[in-house]
Amino acid sequence: MKSKKKKRQDDFQKVKLKVGKTKPKAVNATNTSFRTKGIHLSEQLKRDTTGPTTHRQLGINDLLSQLHHYNANIKHSALLGLKELLSLNPSLLEQHLSRLLSEVAAVFTDKDGNVRVAATRVLRFIAQSVPAERVAPFFPLLSAHLSCAMTHIEPSIQEDAMKVLDVLLEHYPALLAARPAVLLTNFLELISHKQSSSGTKKTQDAKGRTWALSMNPSRAVTSQQWRLSVLSRLGRFLQAVVEERPVEESDIFVQTEGVFGSRGEDRLKPLYLNWEELTYNKVGVRVYEHSGAKPTQRSTFKLRPDVDPGPAVGEGLDSADSVQSFAATLVPLLLEVWVEASTSDCPWNSSEGAHLLTPEAMSVMFQVLSILQLLRKLAPQQEHQDTLDAWFHKEYLGDFKQHFMKNFPYGTRDTPKHKKKVDLKRSKQTAAVPGLTVEPLALNITLCQVMVSLSQRQGIGRETDGDWLTPLRMFVRDTLSSGVKLSFRQLHMLLGTVWKMVLTQRSKTVTEELLAAVYVYYKQRSLTLQTRSLLLSFYSKLYLQEQGHTHIARSKVLCCWLASLPVQLSQLGHRNPALSARLILSIQAAASRGNKDLLKSLQTNACRLYDPQEGVVVLLPAESQQQMVQLLYFLPKMSQSLLANLSCCCTAGRISASLAATLIRIVHFRSSLSSWLVGSQEAALQDVDYISFLFSTLTGFSSDRLASLQDDEDDYLPPSPLSPLSLYPTPLEQFTHHWDVVEEVCHSLETLGSKSQCFDILQNGVCKYLTKLGVVPDSLAAGLLRAVSRLMDLSVLPIEPVLRFLSQCCLSLLALLINLQQELPAETNHKREAIWGACVSALSTVPRLLRMVLQLLRVGDLSEDELPQLGQILVMLLQHTPIQNQLLANATLLQEIIQRLTRYSRASTREQWLTDLLYSYSVTVTHGSSARRGNLGLRDMY
């Protein structure tokens, strides 16, 4: 028995473990050791060498595929690699734009914050490099992902969605403004929630509001800071919507680049097409819906199903009802936001210091007022905006006066700064909220514009708004007259407030008070061009409203401003052409309406404005010069000194020949000789002054200039037997200009009626002022011959001194013509044609002129070099058919001259010029032998 027990114990014997010894393995232990061998796939290890890569040797396909990885770090590194790759290779943007936008937009709602921040940076880089027209086909997808991020349940994703929205608002505002309905609803859902339909009577207030402010304690910022952030983006979005809408011509006060209602780029412009260029694809034409009024690409994408959106937002903001419906939802929420901010800002009940706000509360109020101001501008048309203003006045005037006007004007509260440890996380959160620095002046000006827009035009049966408008009017008056520095936007808003008050209050006292304050600001010297143009445009547009507004028409401030415009224009001169152009437009508008104060001031300063040397009429650009010339028509009187300046302006070449012709026509219309007077308009100048103006313009030189030419011996050609007068060579450009002016002067003289009287007056002027001259400009001589030939009447023959002077001018010009033909035949072609035409027309028209010219030809006094020139002159006359009758009438004298030329020609062989002369003479005499028995009276006359 003992042996069996002992054997049984041996089977289950306990193993004793010893310290330091290896533990023996169990009998049933599994051997887990194994061997591995590497598998080498050469094709799999090859890099993509078909395109550019990053420093990690990753191409764009690899990076885009990594955006679908579950690991946030890989997605983050892929986004960093995309930015690196695109910055080094911008051409990849054009090739992979569709994939880039879709893949990057897909991670807007990623759960990792670093991924979302990196995606926003990549989107900003793409937006900086790609224009809006290239992104437009893919923008519905971007908008859909943005909406998903804005309405996400995670607060951090909503906050990062605001950064994405900032990028799109900065670079693609027009594309965002094309789809306003969905985004506006998203903005509402960010700060509020729609109450459930159950228990409607309990949840809705007296005005049927179904939206209430929401609060999320899990946000990294306070509710007030979050609402401020959302409202700032909402204001920028509404501003983009307003700017993309076309501006109506009737909209008087529009935010422009410095001029009321004058911004041309927002108006619809016609497109002129050349079908030949379209046929050969030289130009491209984009066709949009709505006839181009709203250039938006059509898209069938809808983020939400077709359900009733409620009173918040309809399908769009294209009608006044939809704008009013959206305002009915948003305005109560804005009021609640401000009430909550003001309550937290001033928790005590004391009214002392209630007008002092902290920077954060001031920013909230500024954003609320800015959005209210933009809501008015969402109306599609001007009449809809008036209807919307009336609706605001009816529904919310009481609330606005209670919450906004109670403590107006507002200021900044000085809060003591305690030294304490800076919380870096809290400071970053505060800095992330935009719009925390708002000046009290900007806030008060915005409040003035919002409240004044609610004022209704005074009339029968309407209550007056004077009680609550008085503090606003006093603030506007004090701000403008105190000399405080205003930005262009602030001044624009203040002028808009003044504009609205003047047109709605219809009070002469209010109008004078406000316009006087604006005039005080206008008289400041350190104003920029943009600011000065804005003030000029304000006064001009307001003056145009005088018809039907007696309180504006009788304004002494407007009359004082109008009277100062010509003085300002003469003092400004050409130092600032753009501002001078604005002044001229304002003067022209008032002059066309016959404003007595302006016309009197314009009459006083006319000589300075139209000075031929330093006047604005010769110093400004061509467009302004034309407007200055047009102003002459409205002058009550034109003095002799002004007419002398105008004559010098026409002849000096400082204005174009066409503009000089316009000036002459205007002076002609204002004279009594034109028989063209409108209404009770009297003649602006006497007949003697008008004739003197035309004669001075015809000569082309002033009396002082002609007198100085007689003493200067260096600038003119000396007299000779072929040139009895010393001709002053006028430059070609000046000669051409003067020739065009002469044509217009002759036209004005021909329209006066009796040619014989005009010619008699003209030859009296020539006899008195020109016959004693020894040095004559060639332009004067040619212009005088042209005028005499056009005004010649056979009933009045020229007197002997005038005929002698004309013959001297004609012979001198013919000699000059030969010299020009020999020296510079190509450059002086126009001048030679004008001189030859003037000489021929005078010789064929003026009786006895050709005979007197032939009598001046003394062959014996000519030098050997001058004989060929005389021969060429005679050949030119003989070859010209219109004066052959006159030549035949003086055949004896002509034959005597040719005989003397043949006798004095000492060459051994007959020269070519003499051969041509004899041939032309024989042809002319043979051709005219049958005409010798013609009209003997006509022959005797010549």
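Start with helix H43, residues 891-904, in this predicted model. At 1.5 Å a residue, its 14 residues should span 20 Å, and the end C-alpha atoms are 20 Å apart, so expectation and model agree.

Which residues of H43 are buried? They are Ala891, Leu893, Leu894, Ile897, Ile898 and Leu901. Looking down the axis of H43, these buried residues fall within an arc of 165°, so they line one face of the helix. Thr892 and Arg903 are exposed, and they sit on the face of H43 turned away from the buried side.

Next, a helix pair. Two packed helices are described by the angle between their axes and the distance between the axes. Here the pair is H21, residues 488-505, and H23, residues 529-543. Their axes come within 10 Å and cross at roughly 10°. Angles under 35 degrees count as roughly parallel, so H21 is roughly parallel to H23. On the H21 side, the contact is made by Phe488, Leu491, His492, Leu495, Val498, Trp499 and Val502. From H23 come Gln530, Thr531, Leu534, Leu535, Phe538, Lys541 and Leu542. Sorted by class, the contact of H21 with H23 has ten nonpolar residues, three polar and one charged.

Now Arg477, which lies in helix H20, residues 466-481. Is Arg477 buried, exposed or partly exposed? Its relative accessibility is 26%, so Arg477 counts as partly exposed. Leaving aside neighbours within four places in sequence, Arg477 is in contact with Glu513 and Ala517. Leu494 is 17 residues from Arg477 along the chain, and the two C-alpha atoms are separated by 9.5 Å.

Last, some backbone geometry. Most residues other than glycine have a negative phi, and most peptide bonds are trans.

The peptide bond from Phe408 to Pro409 is cis, with omega near -5°. Pro409 is in the loop between helix H17, 382-403, and strand E4, 411-412.

Arg506 is not a glycine, yet its phi is positive, about 55°. Arg506 is found in the loop between H21 and helix H22, 508-522. With 36% relative accessibility, Arg506 counts as partly exposed.

Arg848 also has a positive phi, near 65°, in a residue other than glycine. The loop that holds Arg848 runs between helix H39, 829-845, and helix H40, 849-855. Arg848 is partly exposed, with a relative accessible area of 36%.

Conventions
Residues numbered from 1 in each chain as written. Predicted model: local features only at pLDDT ≥ 70, side-chain atom pairs only at ≥ 80, totals over all residues. Heavy atoms only, no water. Axes fitted to C-alpha atoms, helices over the stretch in contact; angles between N-to-C directions. Helix = DSSP H or I, 4+ residues; strand = E, 2+ residues; numbered from the N terminus. Parallel < 35°, antiparallel > 145°, perpendicular 65-115°, else oblique. Contact = heavy atoms within 4.5 Å. Nonpolar A, V, L, I, M, F, W, Y, C, P; charged D, E, K, R; others polar. Expected span 1.5 Å × (residues − 1). Buried < 20%, exposed > 50% of the residue type's maximum accessible area, 1.4 Å probe, protein only. Arc of directions from axis to C-beta.
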